[in-house]
Amino acid sequence: MITSIQGTLTASTPLHATIELNGFGYEVNVPLTTAKKLPAPGSVVKLHTLVIYREDSQTLYGFATTADRDFFRLMIENVTGVGPKVALSIMSRLSLPLLESAIRMGDVATLAKCPGIGKKTAERLVVELRSRVGASDATSLVTGPTDGASDGGSTHRDAVAALVALGYRPADADQSVRRAALGLPGPLTTEALIKRVLSQ
């Protein structure tokens, strides 16, 4: 199995990247959240990959992190009605921290906003994956136990990035997170900021 690919990025679009390696050009399907992290064409890039084999095709999917790739595989292998195309759409709309948080919290409304899935598929995501991402806990952190306390800037940036993935304009997301931070007791966490913004 091809678990990663590293080579020269020759072209990229919001959902595809072409990587040249040893004289071959590989088309890799990527979610928008990974596409945003790609370097300029001509740069060396590494993506963590999963190959989906069908009777008449072989499709390569690539992700910025192993965690993104593993969650993509988790969805397509465990959730009825979620194939590679739908899973890629979900991960294009929601960053992994926000996606896991929505599943833990049973936030069907947020999940149902993803293109290609409705309320029933969103409910299946929660039912099938909730135990795999951890039980709901209002005090749990999205990015680790020291995220809020050790690096407030990182917490702010992660919250803004998650909101942009949901469709907020960057400036609006930044302003909303700043307002949310003023109304929350410390230490702040990415999850708490996101929940506060979405509840306003």
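Which residue in β5 does Val28 stand opposite? In this predicted model, Val28 stands opposite Leu60 in β5. Strands, like helices, are DSSP runs numbered from the N terminus (E over at least two residues for strands, H or I over at least four for helices). Residues are numbered from 1 along each chain as its sequence is written. Because the model is predicted, local features need pLDDT of at least 70 and side-chain atom pairs count only at pLDDT 80 or more, while totals for chains, interfaces and linings use all residues; side-chain values use heavy atoms, with hydrogens and water left out.

The protein chain contains 10 helices and 5 strands. Of its 200 residues, 42% are buried, where buried means under 20% relative accessible area, exposed over 50% and partly exposed in between (1.4 Å probe, protein chains only). Contact is defined as heavy atoms within 4.5 Å. Among the contacts in the chain with a separation of 6 or more, 52% come from residues 24 or more positions apart. The mean pLDDT, the predictor's confidence in each residue on a scale from 0 to 100, is 84 for the protein chain, and 89% of the residues reach 70 or more. Over residues 135–151 the pLDDT is below 50, and this stretch has 29 contacts in the model beyond near neighbours in sequence. Where pLDDT is low, the predicted coordinates should not be read in detail.

The 5 strands of the sheet form a closed barrel in the order β1-β2-β3-β5-β4, with mixed pairing. Neighbouring strands of this sheet are turned against each other by 55 degrees on average, direction ignored. Two strands count as paired if DSSP finds at least two bridges between them. Strand β2 (residues 16–21) pairs with β3 in the antiparallel sense over 6 bridges, and Ile19 stands opposite Tyr26 in β3. These strands, β2 and β3, form a hairpin with 2 residues between them. Asn22 lies in the loop between β2 and β3 and has a phi near 55 degrees, a positive value in a residue other than glycine. Most residues other than glycine have a negative phi. Asn22 is exposed, with a relative accessible area of 69%.

On the other pairing described here, β3 (residues 24–29) runs parallel to β5 (residues 57–63), and 2 bridges join them. Asn29 stands opposite Tyr61 in β5. Helix α3 (residues 84–93) packs on the sheet and touches β3, β4 and β5. The direction of α3 makes about 15 degrees with that of β5; axes are lines fitted to C-alpha atoms, for helices over the stretch in contact, and angles run from 0 to 180 degrees between N-to-C directions.

Helix α2 (residues 66–78) lies across β4 (44–54) and β5, running at about 15 degrees to β4. The expected span of a helix is 1.5 Å times one less than its number of residues. For the 13 residues of α2 this gives 18 Å, which agrees with the 18 Å between the end C-alpha atoms. Buried residues of α2 are Asp68, Arg69, Phe71, Phe72, Leu74, Met75 and Ile76. The elements that cover them include α1 (32–35), β4, β5, α3, α4 (96–105) and α6 (119–133).

The structure holds 3 aromatic pairs. Rings of Phe, Tyr and Trp (its six-membered ring) pair if their centres lie within 6.5 Å; planes under 30 degrees apart count as stacked, over 60 as edge-to-face and the rest as tilted. Phe24 and Tyr26 form a tilted pair, with 6.5 Å centre to centre and 50 degrees between the planes. Phe24 counts as exposed at 54% relative accessibility, and Tyr26 as partly exposed at 31%. Tyr61 and Phe72 also form a tilted pair, with 5.1 Å centre to centre and 35 degrees between the planes. Tyr61 lies in strand β5 and Phe72 in helix α2, so the pair ties together parts that are 11 residues apart in sequence. Both Tyr61 and Phe72 are buried. Ring pairs link Tyr61, Phe63 and Phe72 into a cluster.

Ala165 is placed in helix α8 (residues 152–165) and is buried, with a relative accessible area of 8%. The C-alpha atoms of Ala165 and Ser92 are separated by 7.2 Å, although the two residues are 73 residues apart along the chain. Leaving aside neighbours within four places in sequence, Ala165 is in contact with Thr33, Ser92, Arg93, Leu94 and Ser95.
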